[in-house]
Each structure stands twice: as C-alpha cells, then as structure tokens.
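Welcome to my notebook. Let's have a look at the structure together, one spot at a time.

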Amino acid sequence: RAYARLASLYVVLPSYTDADPRQASEQVMRYAAQALAIDPDSAEAWAARGASLSKFRDTQLESRDAYEQAMRINPNDPNAVFWNGLSLLTTGYRRQGTAQIEHTLALDPMMPNALRWRGMLYLQDGDFARAEPMLQRAYDLGLVNTANALSEIAMHHGDVEASARMWVDGNMGLDFNMTRDELAAVHRGIFGNAVAKQEAVQTLQGVLVKLGSKRAMPTLPLYLFRLDAPKLGLEILNTRQMGEGIDAMNWIWTRQGAPIRALPEFDAYLRAFHFPALWDKYGPPDMCTKSAAGDYVCQ
C-alpha cells in the first residue's frame, strides 16, 4: 500500500508544481511496479499507472487498459474510481465519467476533489443550484482551488468583486507562473466583453513568452478556450501542454466546447492523442460517430 500511495503522489506532483512530468511518470511506474510485485491486485497501483499514462498523447489506450484492470480488481476503490472518472471525461465519455464521479462520492462523500469535480460538471451544465453546495463543501473541506469555480457562482449572483477575488485566490496555487494581475486580466476577459477577452488573450500570450521553453500551465489552454480563442488553446494543448491537461481536455467535451470540436484542426488533435485507437477498442464517445470511411465525426 505504501508503494502504491507513493505512485499516486507522483501522479499529482506535476499538477501542483513545475516538476518534470516525464520524470514524475518514471517514479509512478517504478513505485507502481514495486506495489504490483508484492500484490498484483492493488487497484490503486493500477489506477496510478492509468493516471500517469493518461497525461501523455501516445498512451491513452494503455491508460484505459490500466484503469479497466483497476476496476476489475476493485470497482469500489474511491481513488481509482475517481481517477477513472476523470480519464473518461477527458476522452469524451462524459456520461460514464460523470457516473464514476458520482460513484466516488457514494463511496466517499467527503472526498474534496470529487465534490469539486461534480460541482464543476453541474456548473458546466448550467445547474447552479446543484453546483453551489457541492463546490462550497469542497472549499470548506480545505480544497482552496475550488474558489475559482465558486467565483462563477458569485458572478451568477451578480457579485463581481467577490468573483474576481475568488478567481485569483483559487487559481494562484495552480498557475504558479502567473501574477495576480495576469489572473485578474483573465477573469475580466472570461466574464467581460470582446475587448476584455482580447486583452486577456494578449496577457496569456505574454505569459507564454515569459515561460520560454517551459511547458504551459495546466489551465492555460482552458483559459484560451473560454476567451474565444479555441484554435490557440488547442495548439497549446497539443504542443506545449505536457503532463497535465485534465481541465482543458474535459472542456472540449462540454456543450461550451462545440467551437473547439468544429475546428479544422480538431481531427489532427484526435489523431495526435491516439483517440481513434482508444475509441475503436472501447466504443465511440458520447458526441462522436464513426463514418463509413473509418474517421470519427464529433458534433
């Protein structure tokens, strides 16, 4: 169990620090292998493998295979179920992914990140009444980055000042390479007019210049999607976002992600992440069908 938990800790390390994702993944595989050598039926170790593999473009199918193994061993391991749900959400299986998040909460009603994700899914569906108590509970349990979702609730209630404050506070821990002023500009763009959106895009382009050859932060493609710059967001996700992209990849499969799916470049994104091979084995995702020519068409 200790080796499996070490593997799990290395899974999340690149999400909250600028640790190198490839090096972190090597540690995940090392400790997961040690756990499985002792107990081949360690669901957490298999789930850690799946979570680590899901972060890279060329191992999406292997990631799903690892999760399937974890679910066969123990479909009631809260951490394994939760990560499996996130992986399903990011690969287009929104209904299945949501069901797995709900199953996680049935197993562990106090898991902060599961509460946050279920709240965000409600938020993305426009269900503010169900979203707010979930998000507030996650925040009250100490998950500080939930404030960025609560900022949308505040905006919905017309409290612009509170929304801006919570947005910056909630994202500072994730966007460790951005200043408070830069985050405030993004908030103004997401919730503002076309001029504010363009100014926010320019701010993020400046952040990319500042980063140089470093990988983009996990949330940067998502910000660009929400600032009506889907082409640039998809480009960053495809070329600069290594090791973590759950929020942006999930957004692609929401109703708000329709402009992304309509891009001419979207098919290249699917092929770059080897999604057709995944879907060939496990079936088409919610919004896609396979054409007679063998290509996937996503609405």
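Is Thr-146 buried or exposed? I looked it up: Thr-146 has a relative accessible area of 0%, so it is buried (buried means under 20% relative accessible area, exposed over 50% and partly exposed in between, with a 1.4 Å probe and protein chains only).

A note before I go on. I am reading a predicted model, where local features need pLDDT of at least 70 and side-chain atom pairs count only at pLDDT 80 or more, while totals for chains, interfaces and linings use all residues. Residues are numbered from 1 along each chain as its sequence is written, and side-chain values use heavy atoms, with hydrogens and water left out.

**Thr-146.** I found Thr-146 in the loop between α8 and α9 (helices are DSSP runs of H or I with at least four residues, numbered from the N terminus). Setting aside residues up to four places away in sequence, I see Thr-146 touching Arg-116, Leu-135, Ala-138 and Tyr-139 (contact means heavy atoms within 4.5 Å).

**Gly-257.** Next I went to the loop between α15 and α16 (258-261), where Gly-257 sits. Gly-257 counts as buried because its relative accessibility is 0%. Beyond its neighbours within four places in sequence, Gly-257 is in contact with Trp-251 and Ile-252. I also checked Gln-299: it is 42 residues from Gly-257 in sequence, and the two C-alpha atoms are 9.9 Å apart.

**Helix α6.** I then turned to residues 94-107, the 14 residues of α6. The buried ones are Arg-94, Gly-97, Thr-98, Gln-100, Ile-101, Thr-104 and Leu-105. Looking down the axis of α6, I see them fall within an arc of 160°, so they line one face of the helix (the arc is that of the directions from the helix axis to the C-beta atoms). They pack against α4 (60-73), α5 (78-90), α7 (112-124), α8 (128-140) and α15 (246-251). On the face turned away from the buried side, I noted exposed Arg-95 and Ala-106.

**The second largest pocket.** How big is the volume of this pocket, and what lines it? I read a volume of about 460 Å³. Of its 26 lining residues, Leu-123, Gln-124, Glu-152, Arg-226 and Trp-251 are the closest to the centre. (On a 1 Å grid over the protein atoms alone, a pocket is an open set of points where a 1.4 Å probe fits, with protein on both sides within 12 Å along at least five of seven lines; lining residues have an atom within 4 Å of a point. Grid points are joined across faces, edges and corners, and the volume is the space filled by probe spheres set on them.) The largest share of the lining, five residues, comes from α9.

Notes: Helix = DSSP H or I, 4+ residues; strand = E, 2+ residues; numbered from the N terminus. Expected span 1.5 Å × (residues − 1).
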